[in-house]
Every structure is written in C-alpha cells, then in structure tokens.
Amino acid sequence: MIKDGSTGIEHNPVWGEVYNDLIQLYAKSGTCLAPALQAAYGKEQIPAYFNSRYWKNNEKVNNFFSPNKLEDVTNAKPVDSLAEGFVISSKVDARIVNAGGHIALGSHGENQGIGAHNELWAMQIGGLTNMQALRCATMEGARTLGLQRDLGSIEVGKIADLIILNKNPLDDIHNSREIRYVMKDGIMYDGETLAVIK
C-alpha cells in the first residue's frame with residue numbers, strides 16, 4: 001500500500017519481527033498509519049486493563065453510559081499487567097514515530113466515549129512520550145485527513161474544536177480524561193453535563 005502511494009493506512013498488521021528497513025519505509029514515505037490498537041491482536045486486554053484501572057466507578061461514565069455499556073465497564077476484571085498482545089504493535093508504532101514517521105490516533109469506534117482515551121494511553125505504553133501521543137491524537141489526525149489547515153492545533157483562523165482539561169496530560173497521560181470544557185464549532189459545553197455555557 002505504501003509503494004502504491006496510499007497516504008493513509010488503517011490498522012497495524014500482525015507484526016512479526018520488524019527490522020529497520022520497514023520502520024524507515026513508513027517514516028520516509030509520509031504515509032500515515034492509524035494503528036487502531038483496540039482492534040489489533042491482543043485487543044481484549046485494552047478495555048479490561050483500562051476499564052478496571054481508570055473507568056470503573058467513574059462518575060462521568062456512570063452518567064453518560066447506557067446500562068448495558070456501563071455493565072461492561074463495571075464488570076471488568078482487574079488486569080494487573082499487560083501481556084505482549086497489543087503492546088508489541090504499540091512498540092512498533094513508537095519506533096515509526098521516533099524515526100520521523102506519522103502515526104494518528106483512531107479508536108476504531110470501540111468503547112465510544114472512552115475509546116479515544118484508551119487508544120491514546122495504549123499508544124503511549126509502546127514508548128511514546130506523553131507529548132508524542134498527544135500529537136498523534138491531534139495534529140497527526142488532522143494531517144492524515146488533509147485538514148491540518150483547519151484542525152489539529154490552536155491557531156488563529158482554525159476551527160475552534162478543543163478540550164480544556166483540569167489536569168495536565170504532559171504530567172500524566174491519563175489526565176486526558178479530566179475534561180472540564182469541550183468546545184465544538186465555537187460552542188462551549190460543560191464537561192460534566194454537556195450543558196451549553198453561554
């Protein structure tokens with residue numbers, strides 16, 4: 001797909017042994033990979049690990065999730081550590097980023113509402129810094145869609161879609177869930193209730 005000129009690829013393959021030639025091919029091609037770690041080999045671990053550690057008994061999840069989806073979160077069995085599973089893919093993705101390549105966050109529609117957080121955290125587990133993971137979730141996503149002139153960073157003239165957090169995700173990537181306000185199309189919403197703030 002890269003050699004055929006694809007500008008974007010979704011899903012990590014099931015990586016075998018990955019050598020530098022493949023990393024450099026991704027990095028130098030300009031092709032963006034959206035790994036969709038929640039739909040990758042070992043994906044079962046992602047919701048179980050993050051649900052049991054970060055989403056169980058979370059007030060926002062309790063308020064916004066439907067009863068059947070809430071049951072999936074509250075019944076998550078604790079996972080103390082991660083087996084290799086998706087972590088192998090996440091490590092390859094980090095190597096591509098560190099070689100100058102483009103990785104964008106895409107949660108594959110899994111675990112709506114919390115899936116993007118889980119994906120962000122799973123990407124960071126592979127070896128990205130918090131800033132690199134956040135860049136994959138913002139600027140790289142916009143670039144992948146060809147919308148970098150309109151979205152992905154805070155600049156004059158860009159569409160006002162942003163999230164205001166109570167805590168800094170550079171200190172702890174899991175602070176991405178500490179949402180105070182959401183601005184969508186220039187309209188500000190309360191992060192607890194989604195009420196419009198006038």
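Okay, quick definition before anything else: helices here are DSSP runs of H or I with at least four residues, strands are runs of E with at least two, and both are numbered from the N terminus. With that in hand, Y54 sits in helix α2.

Some housekeeping. This is a predicted model, so local features need pLDDT of at least 70, side-chain atom pairs count only at pLDDT 80 or more, and totals for chains, interfaces and linings use all residues. Residues are numbered from 1 along each chain as its sequence is written, and side-chain values use heavy atoms, with hydrogens and water left out.

The protein has 8 helices and 6 strands, and along the sequence they run β-α-β-α-α-α-α-β-α-α-α-β-β-β. The C-alpha trace spans about 50 × 45 × 30 Å along its principal axes. Buried residues, meaning those under 20% relative accessible area, with exposed over 50% and partly exposed in between (1.4 Å probe, protein chains only), account for 39% of the 198 residues.

Now contacts, which means heavy atoms within 4.5 Å. Take the contacts between residues at least 6 apart in sequence: 61% of those join residues at least 24 apart.

Back to Y54, then. Is Y54 buried or exposed? Y54 is buried, because its relative accessible area is 18%. And what does Y54 touch, leaving out residues up to four places away in sequence? The answer is W121, H174 and R177. As for R177, it is 123 residues from Y54 along the chain, yet their C-alpha atoms are separated by 9.1 Å.

Next, the second largest pocket. On a 1 Å grid over the protein atoms alone, a pocket is an open set of points with protein on both sides within 12 Å along at least five of seven lines, a 1.4 Å probe is used, and lining residues have an atom within 4 Å of a point. Volume is the space filled by probe spheres set on the points, which are joined across faces, edges and corners. The second largest pocket holds about 190 Å³. It is lined by 13 residues, and P47, A48, N51, D72 and N111 are the closest to its centre. Helices α2 (45-55) and α4 (67-74) are the elements giving two or more residues to that lining.

A36, in the loop between β2 (32-34) and α2, has a positive phi near 50° without being a glycine. A36 is buried, since its relative accessible area is 5%. L194, in the segment after β6 (187-190), also isn't glycine and has phi near 65°. At 47% relative accessibility, L194 counts as partly exposed.
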